[in-house]
Every structure is written in structure tokens, then in C-alpha cells.
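Q: I'm new to this one. Can you walk me through it?

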Amino acid sequence: MSSDGSAGSERALPPGALARAVAAIDAGLPYKDALEALLLELAPPDADWLMQVLRESRGAFAPLARARAGRALFLGDPLSGTPVALGRLGFETTALARDPERLAFAARRARALAQVPSAFVRGGADARLPFADRAFDLVVQEGGLPGPATGYAHDLAECARVGGELVLVADNRFGYKRSAGAHG
């Protein structure tokens with residue numbers, strides 16, 4: 001876990017950048033306009049990284065899942081395009097993460113782009129997830145196995161406790177396919 005409360009696999013953005021984008025959206029600026037302003041504020045490597053993380057193609061695994069709709073739990077960087085992709089596929093998605101600025105920005109993004117409401121909840125520091133047994137039809141753990149490297153204290157058994165189907169998404173470390181590398 002980094003000092004800003006984000007998981008170890010999450011890239012740090014300049015302090016306040018996401019908060020300024022959230023404030024602009026709350027003041028009435030459309031999400032896409034606020035995103036463009038945010039991207040212009042960032043250094044090119046950070047902007048490239050953010051554009052890749054935001055891509056809804058990160059949810060490309062969803063058609064392979066048995067669950068076709070219902071409730072989904074997303075555990076990973078809330079800036080990921082996966083919660084929006086799940087919402088567009090009809091899942092009522094709950095994203096759990098520790099960074100409040102990332103959660104706030106992701107909530108506004110989902111509100112602008114997904115057809116199904118999403119919830120963004122701060123948490124993940126405890127070994128027990130704050131949900132009832134089988135509360136979700138689908139649990140998506142993005143960024144690798146749960147644990148200190150991904151910023152969560154729970155384990156795979158805890159994912160199984162709260163959900164029916166479990167999907168683990170890890171970064172492809174091959175240089176020519178890496179999903180966390182530079183644009184292009």
C-alpha cells in the first residue's frame with residue numbers, strides 16, 4: 001500500500017488531480033470534458049497510463065463468465081474500465097478500494113457511462129470483506145491475487161465467501177502485450 005492509500009499496483013497521480021476533476025464534474029462540467037482537462041493536466045506518461053486503465057475493454061473477460069447479470073463485486077483500481085463494462089452488461093457493481101479520490105472519480109465516471117447503478121465503497125484493509133455471504137453473483141479481483149501486493153488484506157477464500165463466480169485478472173507482463181505500459 002502506498003502512502004496515498006492506493007494499492008501497490010496502482011500508479012500515483014499528481015496530488016489533487018482527481019479531486020479537481022471531481023469538483024469540476026460536481027460543478028456541472030460533463031464527465032468527458034472533465035476527463036479531457038485531467039488528461040491535459042497530466043504528464044504524457046501519466047495520461048497514457050490513465051487512458052489505458054480507463055478502457056472498458058478491461059472487462060473483455062465478462063462474456064466468458066457464467067453470470068450474465070446480477071450483482072458484481074470489483075476489487076482493484078477503481079479507475080479501471082472494468083466496473084463501467086460490468087455496468088453496461090447489466091451488473092449492479094460494487095467497487096471496493098482504499099483511495100477516496102479514485103473512488104470519487106470512478107463513481108462519477110460510472111454515473112456518466114454505465115446504464116446500471118454502481119456503488120463505490122471505501123475499504124479493503126481488513127481480512128474480512130464487508131459483505132454478507134454470497135452477496136454477489138460475480139467477484140472480480142483485478143491486478144493479481146489478493147494480498148499486500150494488490151493492497152488488500154483478504155484472500156481468495158474470502159472472495160469465494162462473498163460471491164458465486166470468481167474472476168482473477170492479472171497484468172500480462174509480456175512487453176508487447178502489457179496492459180499497464182505506455183500508449184501505443
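What follows is a short chat about this model.

Q: What is the average pLDDT of the protein chain?
A: This is a predicted model. The protein chain averages a pLDDT of 86, and 88% of the residues score at least 70.

Q: Where does pLDDT stay under 50?
A: Over residues 1–6. Where pLDDT is low, the predicted coordinates should not be read in detail.

Q: OK, helix 5. How many residues does it have?
A: Helix 5 has 14, running over residues 100–113. From first C-alpha to last it reaches 20 Å, close to the expected 20 Å.

Q: What covers its buried residues?
A: The cover includes helix 1, helix 2, helix 3, helix 4, strand 2 and strand 3. Among the buried residues of helix 5 are Leu103, Phe105 and Arg109.

Q: Which residue does Arg109 form a salt bridge with?
A: Glu56, with the closest N and O atoms 3.1 Å apart. The pair links distant parts of the chain, 53 residues apart. Glu56 sits in the loop between helix 3 and strand 1.

Q: Is Arg109 buried or exposed?
A: Arg109 is buried, because its relative accessibility is 4%. Glu56 is partly exposed at 24%.

Q: How many salt bridges are found in the whole structure?
A: A search finds 11. One of them joins Arg58 and Glu142, closest N and O atoms 3.4 Å apart. Arg58 is in the loop between helix 3 and strand 1 and Glu142 is in strand 4, so the pair ties together parts 84 residues apart in sequence.

Q: New topic: which residues make the nonpolar surface patch?
A: Leu145, Leu156, Leu166 and Leu168 make a patch of about 330 Å². Leu145 is exposed, at 54% relative accessible area.

Technical notes. Residues numbered from 1 in each chain as written. Predicted model: local features only at pLDDT ≥ 70, side-chain atom pairs only at ≥ 80, totals over all residues. Heavy atoms only, no water. pLDDT = per-residue confidence, 0-100. Contact = heavy atoms within 4.5 Å. Patch = residues over 30% accessible without salt bridge, like charges linked within 9 Å, V, L, I, M, F, W, Y side chains within 5 Å. Areas by Shrake-Rupley, 256 points an atom, 1.4 Å probe, with all protein chains shown as cover. Salt bridge = Lys/Arg side-chain N within 4 Å of Asp/Glu carboxyl O. Buried < 20%, exposed > 50% of the residue type's maximum accessible area, 1.4 Å probe, protein only. Helix = DSSP H or I, 4+ residues; strand = E, 2+ residues; numbered from the N terminus. Expected span 1.5 Å × (residues − 1).
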